[in-house]
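Please look at the sequence and the structure first.

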Amino acid sequence: MVPLAPTGWLLAQTESGRRFAQSLTEQLHATLHGDAHVPRKGGALLVGNHAFMGIDAFALAALLLLQTGRLPRFLAERNLFRIPGLREVLRSMGAIPGTPDDAAFLLEAGEIVVVYPGGVDDSFKLSSDAYTLRWQGRAGFARVAMRARVPLVPFAATGVDELYRLDRREHFLGRWIGGSSRYDIPLPSGLRPRRVPLDYYLLPPIDTSGDPRSEGDVERVRRATEEAIRSVLDPYRAELTSSAR
């Protein structure tokens, strides 16, 4: 069974944890918009775009804690749990392997859960593909929200794909960990993240009524979620591309 209150997750909600969260958001110049869309109690699924190194996830967690009083659980890439050391860190902070049953369990228990449908495809994209969604039609998140009967809140994060310049990949370590070229790790031009503003836009909840066993109902929720996120990311990417010329 998935633990409802991992140690690190509990510590983050102490006064010291809140001070750390405040410091983190200030250092990362991170801002949360639309926090009214996140329920103050009960389960909700937050769905959005992801970036390299996972800094975006830490910033989002800190912002949610400070502005809504709620600390989310994250569905993490399953292969990360194969790495000794990292596996323990992820678990202590409340992350779980991205399985539908575990996600539904947490949602039904009243947790806020964050999922990145693009997973490693989204976070390992190169800078040339910044702010494009690499979801490959994945719809499991929609089915889980419908099954648990909780709000689905899309979010779009800008600035996150500019933290690192990623122009090439390595072709050994990632494949050894993940078993395919999907896991070829991008090689940043520098190890220190750039100082760019990070903005997280929480968007109006998606209607998750319908039958989670119906492909049509699930696709409606998936498509509405992706379109909502792209309504923010597409113009941002266009402006970024234009300014770079």
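This is a predicted model: local features need pLDDT of at least 70, side-chain atom pairs count only at pLDDT 80 or more; totals for chains, interfaces and linings use all residues.

Residues are numbered from 1 along each chain as its sequence is written, and side-chain values use heavy atoms, with hydrogens and water left out.

**Cavity and pocket**

A cavity is a set of points on a 1 Å grid over the protein atoms alone where a 1.4 Å probe fits but cannot get out; a pocket is an open set with protein on both sides within 12 Å along at least five of seven lines, and lining residues have an atom within 4 Å of a point. Grid points are joined across faces, edges and corners, and a volume is the space filled by probe spheres set on the points.

The count is 1 cavity of 30 Å³ or more. The largest cavity holds about 70 Å³ of space, and among the residues lining it are Phe52, Asp122, Lys125, Val160 and Tyr164. Its lining has 7 nonpolar, 2 polar and 3 charged residues. Here Ala, Val, Leu, Ile, Met, Phe, Trp, Tyr, Cys and Pro count as nonpolar, Asp, Glu, Lys and Arg as charged, and the others, Gly among them, as polar.

The second largest pocket holds about 260 Å³. Of the 13 residues that line this pocket, Ser127, Ala130, Arg165, Leu240 and Ala244 lie nearest its centre. The lining divides into 4 nonpolar, 4 polar and 5 charged residues.

**Accessibility of single residues**

Buried means under 20% relative accessible area, exposed over 50%, and partly exposed in between (1.4 Å probe, protein chains only). Helices (H or I, at least four residues) and strands (E, at least two) are DSSP runs, numbered from the N terminus.

| Residue | Relative accessibility | Class |
|---|---|---|
| Pro117 | 9% | buried |
| His29 | 36% | partly exposed |
| Leu173 | 39% | partly exposed |
| Gln136 | 54% | exposed |

Leu173 belongs to helix H8 (residues 173–178). Pro117 sits in the loop between strand S5 (112–115) and helix H6 (119–123). In sequence, Pro117 and Val218 are 101 residues apart, and their C-alpha atoms are 14 Å apart in space.

His29 lies in the loop between helix H2 (15–27) and strand S1 (30–33). Its phi is near 50 degrees, a positive value in a residue other than glycine. Gln136, in the loop between H6 and helix H7 (140–148), has a positive phi near 50 degrees.
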